[in-house]
Amino acid sequence: VASLVMYLFAEFDDAANLLAANPDATTISIDEPVEIPKNQHGRLQEPGREEDDELLGTNDSDKTELLAGQKKSAPFWTFEYYQTFFDVDTYQVLDRIKGSVFPVPGKNFVRLYIRSNPDLYGPFWICATLVFTIAVSGNLSNFFIHLGKPTYHYVPEFRKVSIAATTIYAYAWLVPLALWGFLMWRNSKVMNIVSYSFLEIVCVYGYSLFIYIPTAILWIIPQKVVRWVLVMFSLCLSGSVLVMTFWPAVRDDNRRIALATVGTVVLLHALLAVGCLAYFFDAPELDFPAPIIPAHNGTTVITKSQ
Amino acid sequence: FPGLADVSISEDIPVEGEITVPVGSRSPDEDYSTLDEPVRDTIMRDLKAVGKKFVHVMYPKKSSALLRDWDLWGPLVLCVSLALMLQGGSADSKDDGGPQFAEVFVIIWFGAVVITLNSKLLGGTISFFQSLCVLGYCVLPLTVAMLVCRLVLLAGSGTVSFVIRLIVVVAMFGWSTLASTAFLADSQPPNRKALVVYPIFLFYFVISWMILTFTPQ
């Protein structure tokens with residue numbers, strides 16, 4: 001079933017963007033009143049309607065689309081201005097997390113889930129959780145690796161929390177800033193159909209970091225192969241979400257610049273994962289029976305740099 | 001006003017009466033100023049208020065006393081004692097020791113402020129200091145856990161002591177989270193309760209982690 005979407009007003013640009021970005025997407029008409037109660041938590045409609053809702057956003061974002069002109073009109077020094085960035089319900093946050101972990105081929109994360117309602121709740125708390133997860137998992141993993149050694153004394157390594165926090169928050173906020181600046185600059189040269197606001201880019205980056213939380217927990221397993229397989233797997237999943245988000249924004253540009261941009265995005269994402277793995281998690285060492293420690297340089301025999 | 005032309009008040013009836021409207025119940029505080037009371041009374045009143053709130057935390061029921069008369073003395077005392085107990089005396093040159101006093105302090109206060117801001121931004125109706133008060137007071141079970149852990153560590157630091165510490169810390173962590181959720185949950189919009197409770201969970205988890213990984217030198 002494919003018929004054109006005809007919203008009442010203010011949707012024409014968005015529809016054009018949708019069609020330009022995904023020319024073969026199915027768009028379905030909705031011709032019932034928009035007043036569906038807010039707690040659609042379970043989405044108790046038939047499966048066909050669920051897909052429509054997912055494609056075109058929930059009714060809350062319909063309302064915010066319609067009110068788009070009046071949405072962020074509070075001046076930036078009032079509290080209400082910042083409240084507009086936290087205007088999400090539990091199920092919306094869970095949907096966005098789900099969308100970042102299971103990329104649907106052909107569907108754009110921003111268009112599908114954010115729908116002009118970028119929030120700061122997800123990026124901030126996902127980064128906070130990731131910071132503590134990496135610090136705690138790294139500490140636990142080092143504890144298990146060095147468990148039997150006679151010269152090992154457990155330390156909580158609390159310094160690493162502040163290092164992790166700086167790195168992850170810098171990645172989640174400075175890289176979107178740089179990317180947004182770059183896209184704005186290219187937009188002034190080449191007319192791109194798809195363009196994102198700064199908060200939407202922050203949102204995508206924040207939610208795409210979610211996959212690293214279970215990955216960091218699984219990194220406790222002290223096997224090199226397992227760790228690298230996990231890195232590759234999570235990189236593929238969240239990297240593909242990022243690629244599918246940013247490819248439409250640079251596609252109309254010069255081929256080389258487009259490829260370089262998307263390549264840099266993926267490269268930085270990979271660097272973050274590999275850097276965290278290398279810094280917070282000691283290399284698992286091969287087992288061999290603990291040697292009789294000679295008087296002077298016993299410990300240097302054991303540590304093997306990998 | 002033609003109808004009132006013949007109304008007159010004779011001048012020899014004095015008009016008298018009380019202008020003040022009697023107030024129903026006068027609270028005793030207004031009868032005397034607290035400036036004249038002995039210092040002991042002043043201190044005891046505040047101490048009793050703090051003590052009552054501690055009792056409320058240990059047996060969390062939905063009472064509004066904790067919320068209405070907020071104070072930050074209790075959280076300050078708890079935070080300082082927790083931070084002091086987390087000092088393992090790691091005076092050696094190793095950098096990666098446990099958290100310093102300032103780090104614990106900052107984590108607790110900054111964490112509580114961020115959680116309060118978060119709940120207010122999501123549309124909560126609780127006031128800023130009331131929320132800080134609740135979050136600070138609900139650190140009490142974890143402070144008790146820290147005390148127990150230090151006592152257990154005096155006895156020894158093997159696997160048995162670790163298991164005991166783990167059980168105690170996990171139980172107190174659950175108690176803290178449930179107590180603060182019981183006080184704060186009502187003031188949140190209904191579709192966003194989980195969004196507000198999760199940061200509280202993370203906050204007490206980090207404090208519990210600091211307590212559990214405490215190793216004396």
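Predicted model: local features only at pLDDT ≥ 70, side-chain atom pairs only at ≥ 80, totals over all residues.
## Across the chains

Arg192(B) and Asp87(A) make a salt bridge, with their closest N and O atoms 2.9 Å apart. Arg192(B) sits in the loop between H7 and H8 of chain B, while Asp87(A) sits in the loop between helix H4 (79-83) and helix H5 (90-101) of chain A, so the pair joins two chains.

Asp87(A), Asp89(A) and Arg192(B) belong to one network, joined by salt bridges that share partners. Over all chains, the salt bridge count comes to 7.

## Within each chain

Chain A has a pair of its own to look at: Asp119(A) and Arg96(A) form a salt bridge, and their closest N and O atoms are 2.6 Å apart. Asp119(A) is in the loop between helix H6 (109-114) and helix H7 (121-145) of chain A, and Arg96(A) is in helix H5 of chain A, so this bridge ties together parts that are 23 residues apart in sequence. Buried means under 20% relative accessible area. Asp119(A) is buried at 1% relative accessibility, and Arg96(A) is buried at 2%.

Over in chain B, Arg45(B) and Glu37(B) meet through their side chains in a salt bridge, at 3.1 Å from N to O. Arg45(B) is partly exposed, with a relative accessible area of 40%, whereas Glu37(B) counts as buried at 12%.

## Helix H8 of chain B

Next up is H8 of chain B, which covers residues 193-212 and has 20 residues. From its first C-alpha to its last, H8(B) reaches 28 Å, close to the 28 Å expected at 1.5 Å a residue. As for its setting, 14 of the 20 residues of H8(B) are buried, so the helix is largely enclosed by the rest of the structure.

## A nonpolar patch on chain B

Now for the surface. Phe162(B), Val163(B), Leu166(B), Ile167(B) and Val170(B) form a nonpolar patch there, and together they have about 410 Å² of accessible area.

Take Val163(B) as one of the members. Val163(B) belongs to helix H7 of chain B, which runs over residues 159-184. Val163(B) is partly exposed, with a relative accessible area of 40%. Patch residues need over 30% relative accessible area, so Val163(B), at 40%, clears that cut-off.

Notes. Residues numbered from 1 in each chain as written. Chains lettered and ligands numbered in written order. Heavy atoms only, no water. Patch = residues over 30% accessible without salt bridge, like charges linked within 9 Å, V, L, I, M, F, W, Y side chains within 5 Å. Areas by Shrake-Rupley, 256 points an atom, 1.4 Å probe, with all protein chains shown as cover. Salt bridge = Lys/Arg side-chain N within 4 Å of Asp/Glu carboxyl O. Helix = DSSP H or I, 4+ residues; strand = E, 2+ residues; numbered from the N terminus. Buried < 20%, exposed > 50% of the residue type's maximum accessible area, 1.4 Å probe, protein only. Expected span 1.5 Å × (residues − 1).
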